[in-house]
Amino acid sequence: MSICVFGDSVAKGIIFDEARNKYIHLKNSFVNVISQKFNLNVENYARFGCTVLKGMEILNKHKNELSSFSHTFLEFGGNDCDLKWNEISDSPDGEHLPNVPLPQFEEKYLKMVDIINRAGSVPVMLNLPPLDPERFYKWVSTGNSRENILKFLGDVNAIYKWQEGYSNAVKKLAQLHGVRFVDIRAAFMKENPYSDYLCRDGMHPNEKGHALISRLLSERNFLLCN
């Protein structure tokens, strides 16, 4: 059986390696682990920094291949909801839009699902792991004005709520349109503290986090998930 994956750095298996102080590809990423566990052939088209806009471009390049994959995984939202923190640092009182505003995010996501369905593959939507707001705030503030970023946010926890909104949108779309869905966020939130499963940047799952996602997919049998 073959599956393909479209998404961002989480689906690509990128983590922040503190020892080397840089982002690396994790050998035991959740995609690699489930491919071995279920004896799957996997094409991973996920890209670092990918939004649904870039994801649509990549999907269109490969849409004629989709019929050869039983399932197509979609994992987007983390970069879509992100903001240009250097611009916020320079002008905290200005208007600052996310990379992809939520209505456009939902519209493009549904178009991707439609393309996959029309091709005869089964779409599987994954929502977002939660952010650690304090870590993420420190991360995006590095080299910027922390005071100005906090002025824009009003509260550090606003980062968490903002990102949660995109994760909730993924879940809502899956439920409304009958798309198979894996609730990654709920699995992280059951862990205390869930931040132990995130990298220093407060947003990427670390190796422990990828193992958690792998277990979730294995326990749920994602090929049959609702």
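Which strands does α5 lie across? The close-ups below start there. This is a predicted model, where local features need pLDDT of at least 70, side-chain atom pairs count only at pLDDT 80 or more, and totals for chains, interfaces and linings use all residues. Residues are numbered from 1 along each chain as its sequence is written, and side-chain values use heavy atoms, with hydrogens and water left out.

**View A. Helix α5 on the sheet.** α5 lies across β5 (71–75) and β6 (122–126), and runs at about 150 degrees to β6. Helices (H or I, at least four residues) and strands (E, at least two) are DSSP runs, numbered from the N terminus. Axes are lines fitted to C-alpha atoms, for helices over the stretch in contact, and angles run from 0 to 180 degrees between N-to-C directions.

**View B. The open sheet of 5 strands.** Read across, the order is β4-β1-β5-β6-β7, with parallel pairing. β4 (41–44) and β7 (180–182) sit at the edges with a single partner strand each, so one side of each has no neighbour in the sheet. From one strand to the next, the twist averages 25 degrees. Strands count as paired if DSSP finds at least two bridges between them; β1 (residues 2–7) and β4 run parallel and are joined by 4 bridges. Look for C4 opposite E43 in β4.

**View C. Helix α5 packed with helix α8.** Here α5 (residues 102–119) meets α8 (residues 157–177) at an angle of about 40 degrees, with the axes 11 Å apart. That makes the two helices oblique to each other (under 35 degrees is roughly parallel, over 145 roughly antiparallel, 65 to 115 roughly perpendicular, and the rest oblique).

**View D. The β2–β3 hairpin.** β2 (residues 14–17) and β3 (residues 22–25) run antiparallel, joined by 4 bridges. F16 has Y23 as its bridge partner in β3. There are 4 residues between the strands, and N21 in the turn has a positive phi of about 55 degrees. Both faces of β2 are covered: I14 and F16 are buried on one side, I15 and D17 on the other. Buried means under 20% relative accessible area, exposed over 50%, and partly exposed in between (1.4 Å probe, protein chains only).

**View E. T142 in its loop.** T142 is in the loop between α6 (133–141) and α7 (146–153). With 58% relative accessibility, T142 counts as exposed. The C-alpha atoms of T142 and W85 are separated by 9.9 Å, though these residues are 57 residues apart along the chain.

Definitions and conventions: Contact = heavy atoms within 4.5 Å.
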